[in-house]
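My entries follow in the order in which I looked things up.

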Amino acid sequence: MSERNYNALSATYEAEQTELESRALIRTASALNAIMENWDERKSELDEALEKNRKLWTILASAMGEADCPQPEEVRRSILNLAMFIFQRTVEILINPTPEKLNVLININMNIAKGLAGNGG
């Protein structure tokens, strides 16, 4: 495979990965938002939605620690700091669940997804 073909393939893979991450963030934010907006009917879904969000952020944080991570150091640190905040907030919500506490998780996911979509093309 020529270097040009490899670079094109690599760029395509990175764009697809970014789109996948953006969609996953939107999907988890949407699930949390649905629970927040219909708290009485859907709060039983909270633990599962928080678990999915935590797993997603675990994957994102792990990717920032990879040696071949293409993100600049500042972005990597920011994502890791956000992940730590997400994990702490998740524990707070599990201990004392209220719909209002979901807002920050939803907003972070949506803003990161928008950023990824903007960077992805």
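Before reading any accessibility, I noted that a residue is called buried under 20% relative accessible area, exposed over 50%, and partly exposed in between. By that rule Arg-54, with a relative accessible area of 30%, is partly exposed. I also noted that this is a predicted model.

**Entry 1: the core**

I looked up the largest nonpolar core and found that it has 26 residues, of which Leu-25, Leu-32, Leu-46, Leu-50, Trp-57 and Leu-102 touch the most other members. The elements that give two or more residues to this core are helix 1 (3-37), helix 3 (46-64), helix 4 (73-95) and helix 5 (102-120). Which helix gives the largest share? I found that helix 3 does, with eight residues.

I then took Trp-57 and listed what it touches, not counting residues up to four places away in sequence: Leu-25, Ile-79, Leu-82, Ala-83, Ile-86, Phe-87, Ile-108, Asn-109 and Ile-112.

**Entry 2: helix 3**

I checked the length of helix 3 against expectation: at 1.5 Å a residue its 19 residues should span 27 Å, and the end C-alpha atoms are 27 Å apart, which agrees. Going along helix 3, I marked Leu-46, Ala-49, Leu-50, Asn-53, Leu-56, Trp-57, Leu-60, Ala-61 and Met-64 as buried. Seen down the axis of helix 3, these buried residues fall within an arc of 135°, so they line one face of the helix. On the face turned away from that buried side, I found the exposed residues Asp-47, Glu-48 and Ile-59.

**Entry 3: Thr-90**

I next looked up Thr-90, which has its place in helix 4. Is Thr-90 buried or exposed? Its relative accessibility is 5%, and because the cut-off for buried is under 20%, Thr-90 counts as buried. Leaving aside neighbours within four places in sequence, I found Thr-90 in contact with Leu-50 and Leu-105.

**Entry 4: salt bridges**

I reminded myself that side chains of opposite charge can pair when their charged atoms come close. How many salt bridges does the count come to? I noted six salt bridges, and I followed some of them up below.

In helix 1, where Glu-19 and Arg-23 both lie, the two are four residues apart, about one turn of the helix. Glu-19 forms a salt bridge with Arg-23, with the closest N and O atoms 2.4 Å apart, and at 41% relative accessibility Glu-19 counts as partly exposed.

Being three residues apart in helix 3, Glu-51 and Arg-54 are separated by about one helical turn. Glu-51 also meets Lys-55 in a salt bridge between their side chains, at 4.0 Å from N to O, and these two residues lie four residues apart in helix 3, again about one turn. Salt bridges that share partners join Glu-51, Arg-54 and Lys-55 into one network.

How values were computed. Residues numbered from 1 in each chain as written. Predicted model: local features only at pLDDT ≥ 70, side-chain atom pairs only at ≥ 80, totals over all residues. Heavy atoms only, no water. Core = buried A, V, L, I, M, F, W, Y, C linked by side-chain atoms within 4.5 Å. Buried < 20%, exposed > 50% of the residue type's maximum accessible area, 1.4 Å probe, protein only. Contact = heavy atoms within 4.5 Å. Expected span 1.5 Å × (residues − 1). Arc of directions from axis to C-beta.
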